[in-house]
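Please look at the ligand in the structure below and at the space that it takes up. The briefing that follows goes through the surroundings of the ligand and then the pocket.

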Amino acid sequence: MESLQVITTADGSHSLLNTTLNETYHSVHGAIRESLHVFIDHGLRVAEQKQPGKNIRVLELGFGTGLNAVLTLIEAKRQHLTVYYETWELHPVPGSLISQLNYGNALGDEQGFKAVHEAAWDNEVGLIPSFTLYKRRKDLLRDELEGSFDVIYYDAFAPSKQPEMWTQEVLRKVTSHLSPGGIWITYCAKGQVKRDLASFGLTVETLPGPPGKKEMIRATLSH
Ligand SMILES: C[S@@+](CC[C@H](N)C(=O)[O-])C[C@H]1O[C@@H](n2cnc3c(N)ncnc32)[C@H](O)[C@@H]1O
């Protein structure tokens, strides 16, 4: 059983601290700020610009507090995007902790945050007609992925805390599910991760990170 505590980050938004790993779910410099910068600005928006009007297939590892999912839902509503959002999570966060998180209020979408969490696990759920959410209780290290994705949000715990999620084998497995032109995006900036991604033939970019973090990685599969 994971041991989790609610914390407040620098932008006022909450996050969780996993006290077993001594690792937070988001940057202490601002959870919402980090997720917006990394996954929405440098992931989702870039995918949308590449193929405007296309149904965007997003894969997230792992779901955690649902912050990336609700931010993607909000962006989809604002920009009229059609999104299929599949997210994997091995240890779903208990509802008693989710109900303490201030994301609904901070983002002005209590209903969206609630809908993301009330959606059943292991079922495809249409939250709105243009947004399908598929939360899967799956283990990335053991279970097989299916299908291809335009954007992969790689939001595992840091390599120093959960190195098994960052091996060449696991990175190859995940990135082999990118569609042509697809984007794999993470907050991490580790050199070995960049070298592994490049060895798969992906185009690797080092981008400015969110507050408190100099750099982050984006890898793209060429057409
Ligand atoms: C950094 S947190 C994710 C934060 C999340 N994206 C959010 O917005 O709150 C990493 C997540 O990966 C999950 N995880 C750890 N090992 C996993 C595995 N083998 N398969 C799937 N998920 C895993 C953890 O339980 C945790 O929720």
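Among the 21 residues around the ligand, those that come nearest are Gly62, Thr65, Glu89, Asp139 and Asp155, where a residue counts as near if one of its heavy atoms lies within 4 Å of the molecule. The model is predicted, and local features need pLDDT of at least 70, side-chain atom pairs count only at pLDDT 80 or more, and totals for chains, interfaces and linings use all residues. Residues are numbered from 1 along each chain as its sequence is written, and side-chain values use heavy atoms, with hydrogens and water left out.

**Contacts of the ligand**

- A polar side-chain atom of Glu60 lies 2.9 Å from a nitrogen atom of the ligand, and a polar side-chain atom of Asn68 lies 3.2 Å from a nitrogen atom of the ligand; a polar contact here is a pair of N or O atoms within 3.5 Å.
- On its own the ligand has 610 Å² of accessible area, of which the protein covers 98%, with areas taken from the Shrake-Rupley method with a 1.4 Å probe.

**The pocket**

- The ligand takes the space of the largest pocket, which means that more than half of its atoms lie within 2 Å of the grid points of that pocket.
- A pocket is an open set of points on a 1 Å grid over the protein atoms alone, where a 1.4 Å probe fits, with protein on both sides within 12 Å along at least five of seven lines, and its lining residues have an atom within 4 Å of a point.
- About 770 Å³ of space lies in the largest pocket, the volume being the space filled by probe spheres set on the points.
- Of the 40 residues lining the largest pocket, Asp155, Ala156, Phe157, Ala158 and Gln162 are the closest to its centre.

Notes: A polar contact is a pair of N or O atoms within 3.5 Å; within protein, one must be able to donate a hydrogen and the other to accept it, and residues adjacent in sequence count only if both atoms are side-chain atoms.
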